[in-house]
Amino acid sequence: MRKVSVIVPVYNTQKELGRCLCSIKEQTYKNLEIICIDDGSTDGSEEIVDTFAKEDKRFVVIHQKNMGESSARNAGLKIATGDIIAFCDCDDWIEGDTYEALMEEMDQYDLDISAGGWMKETSKGTEEIRNALSITEDVFGQVPLLNYLYKRDYYRGMAYMWNKLYKREILEKKGEALILFDENLALGGDVVFLARAALNAKRVKYIDRAFYHYSQRETSGCHTKDVIKLRDWIRAYEIVIEMLTLRGIDHEIIDYTKRFLAYHSSNAAEIASNQGLTDARIEFQNFMRLYEKEYTELNADYPERIQRYRRLLEA
């Protein structure tokens, strides 16, 4: 039975943290290393992880000063001893047989990545995220994986880094440095990490069942109004586009990635406009113009998106 190292970056989520850690601790798959990186918590989360470590020897705790989620994840990656790597955010939780189900696929099909679906948790309740088009039940390779990742209108269940297990070898290929999160990006480190892992993957399989509970909070990083952080998110997609281009990936996949960059630029432009930040708004609008063609062509079925986009361009 191979060991799964579960990396949990922890920062000031006292109310949700116990639920998260219990869902990992009580997994039916028992050979786990649960690495909790306390990233300078001040609300009692730092005490909660220590309590779990005292009660269960599978928990490994690191306390560090606040350096951001990417730094915390990297700290976990650098000490992980498992054959398989998993991630769970500290305000999320997972179904009880998540790792058993995903590891059964990993072992049976000798996979590089095993993925499952997810649910969105909000104050209104639980929404199971469904794919508009079906993902194959067979093992697939790099090109289909990239299609599933970046054609998100069709394959929402595949989109993120935390609903997957990764074979260690694709993150630490012989003769190459361990794939780490970019600590220079305040947002978007996960976007770049997932792209790098995907480009190393040759055998992937998806289970069409929701395992991961993603807690959508208004205070989370993806809802930030900080234009400096939003610029980093755009930079993350610039990096991904550069990587895909250098690897000679099909232009359609790259165009879908450009559409994401354009979408995030439009959100950033709107936020900057609302805050009266003229220079930032103009910068984000320039990105919008750069990828307007890809955005409009790939949103032809969504005229309301194009209308909003053009309105923000003219603001």
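**Note on the predicted model**

1. The chain folds into 12 helices and nine strands. Its radius of gyration is 20 Å, close to the 20 Å that the globule rule gives for 315 residues, so the chain is as compact as a globular protein of that length. The C-alpha trace spans about 60 × 45 × 45 Å along its principal axes.

2. On burial and surface: 55% of the 315 residues count as buried. The chain exposes about 14500 Å², and 47% of this area comes from carbon and sulfur atoms.

3. On contacts across the sequence: take the contacts between residues at least 6 apart in sequence. Of these, 78% join residues at least 24 apart.

4. Leu102 sits in helix 4, which covers residues 98–109. Is Leu102 buried or exposed? Its relative accessibility is 2%, and buried means under 20%, so Leu102 counts as buried.

5. Which residues does Leu102 touch, leaving aside its neighbours within four places in sequence? Leu102 is in contact with Ser114, Ala115 and Gly116, and also with Leu165, Ile207 and Phe211.

Key. Residues numbered from 1 in each chain as written. Predicted model: local features only at pLDDT ≥ 70, side-chain atom pairs only at ≥ 80, totals over all residues. Heavy atoms only, no water. Helix = DSSP H or I, 4+ residues; strand = E, 2+ residues; numbered from the N terminus. Buried < 20%, exposed > 50% of the residue type's maximum accessible area, 1.4 Å probe, protein only. Contact = heavy atoms within 4.5 Å. Rg over C-alpha atoms; globule rule 2.2 N^0.38 Å. Areas by Shrake-Rupley, 256 points an atom, 1.4 Å probe, with all protein chains shown as cover.
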